[in-house]
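Colleague: I would like to learn how to read pairings between side chains in a model such as this one. Could we go through it feature by feature?

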Amino acid sequence: MRILFHGLRKFCVLLLLLCPAFAMAGEFDRFAGTYKGEAEFVFEGEVQRRDMSTTIKPTKDGFLLSWTSVSYKSDGRTKEKTYTIEFTQSDRNNLYKSAMKRDVFGKRTPLDPLKGEPFVWARLEGDTLSVYSLLIDETGEYEIQEYHRTLVDGGLELLFMRVANRSTTKEIRTLLVRQ
C-alpha cells in the first residue's frame, strides 16, 4: 500500500509539473460571475460618476474578462466603453498573457505596444486579480492602467489607477456587487 501511495504521489507531482493548466484549474472559479457598481470620484477638479460592471469566466487555460464603464458628463452626455480580453497562462506562475489577436499560425497572442496597441497582462495574487495595460504614444511616453479586483464579501473591491510618466493621474475605488 505504501509503495502504491508513493507512486501515486510521484505521478501527481509529475502531472502538475507537465501540465500548468491542470495545476491552475479552478483558480478562477471563485472569481466567476458578473459584478456591478458605481463610483464617484474627482478628476481635474470635477466630480464625476461612472457605472461599472465586470464579468469573469474561467476558461480551459485561463479566464475571459469583460468590463464596461459608463461615464456621465456634466453636459448630460454619456460615454460607454466595453472591453473583452481572454487571458492564458504564461510560462511564469500567476502571470497571464492577453490573447487579443492571432499570429500567422493562428496562435492567440498579445498586441504590440510599439505599434500604438495596448500591451495587456494579468496577475493573480491571493484574492486579487490585477490587470495591467501599457500604452506607448508616438513620442515614447507611456501610460499604465491598473485594475485591481479583490474578492470581498458580496463582490469585488475595484481599484483603478492611471499612471502616466511616473505620476498617478486618475484613481477610482468602488465596490462591485456580485449579481
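Modeller: Let us begin with a definition: a salt bridge is counted where a side-chain nitrogen of Lys or Arg lies within 4 Å of a carboxyl oxygen of Asp or Glu. Please keep in mind throughout that this is a predicted model.

Colleague: What is the closest N and O distance in the salt bridge of E27 with R30?

Modeller: The general idea is that side chains of opposite charge can pair when their charged atoms come close. In this structure the closest N and O atoms of E27 and R30 are 3.8 Å apart, and the two residues form a salt bridge. E27 counts as partly exposed because its relative accessibility is 32%, and R30 counts as partly exposed because its own value is 33%. The pairing also belongs to a network of salt bridges, in which E27, R30 and D127 are linked.

Colleague: How many salt bridges does the count come to, and which residue forms one with D75?

Modeller: The count comes to 7 salt bridges. D75 forms one with R77, where the closest N and O atoms are 2.8 Å apart, and both D75 and R77 are exposed. Another joins R173 and E171, with 3.1 Å between the closest N and O atoms. Here the two partners fall into separate classes of accessibility: R173, at 56% relative accessibility, counts as exposed, whereas E171, with a relative accessible area of 36%, is partly exposed.

Colleague: Then how should I read R50, and is R50 buried or exposed?

Modeller: R50 is buried, yet R50 has no salt bridge, since the nearest side chain of opposite charge, that of D51, is 9.7 Å away, and a salt bridge is counted within 4 Å. The place of R50 is in strand 2, which covers residues 46-59. What the side chain of R50 does have is a polar contact of 3.0 Å with the side chain of S71. Once the neighbours within four places in sequence are left aside, the residues in contact with R50 include G37, E38, F41, S69, S71, Y72, K170 and I172.

Colleague: Which other residue in strand 2 could I look at?

Modeller: E46 also has its place in strand 2, and E46 is partly exposed, with a relative accessible area of 34%. Not counting residues up to four places away in sequence, E46 touches F41 and S74. The C-alpha atoms of E46 and S74 are separated by 8.9 Å, although the two residues are 28 residues apart along the chain.

Colleague: How many aromatic pairs does the structure hold?

Modeller: A pair of aromatic rings is described by the distance of the centres and the angle of the planes. The structure holds 9 aromatic pairs. One of them is formed by F63 and Y96, which are 6.0 Å apart centre to centre, with 70° between the planes, and this pair is edge-to-face. The pair links distant parts of the chain, with F63 in strand 3 (residues 62-72) and Y96 in strand 5 (residues 95-98), 33 residues apart.

Colleague: Why is the pair of Y147 and F160 described as tilted?

Modeller: The planes of Y147 and F160 stand at 50°, with the ring centres 4.8 Å apart, so the pair is tilted. Y147 lies in strand 10 (residues 142-152) and F160 in strand 11 (residues 155-164), so the pair ties together parts that are 13 residues apart in sequence. Both Y147 and F160 are buried.

Colleague: Which residues lie over the faces of W67 and F43?

Modeller: R149 lies over the face of W67, at 5.3 Å from the ring centre, and K170 lies over the face of F43, at 4.1 Å from the ring centre. K170 is also one of the residues in contact with R50.

Colleague: Finally, how many helices and strands does the secondary structure of the chain come to?

Modeller: The secondary structure comes to 2 helices and 12 strands, and along the sequence the pattern reads α-α-β-β-β-β-β-β-β-β-β-β-β-β. Of the 179 residues of the chain, 33% count as buried. Among the contacts with a separation of 6 or more, 30% are between residues 24 or more positions apart.

How values were computed:
Residues numbered from 1 in each chain as written. Predicted model: local features only at pLDDT ≥ 70, side-chain atom pairs only at ≥ 80, totals over all residues. Heavy atoms only, no water. Helix = DSSP H or I, 4+ residues; strand = E, 2+ residues; numbered from the N terminus. Buried < 20%, exposed > 50% of the residue type's maximum accessible area, 1.4 Å probe, protein only. Lys, Arg positive; Asp, Glu negative; His and termini not counted. Polar contact = N/O pair within 3.5 Å; in protein donor to acceptor, adjacent residues only side chain to side chain. Contact = heavy atoms within 4.5 Å. Phe/Tyr/Trp six-rings, centres within 6.5 Å; stacked < 30°, edge-to-face > 60°. Lys NZ or Arg CZ within 6 Å of the ring centre and 35° of its normal.
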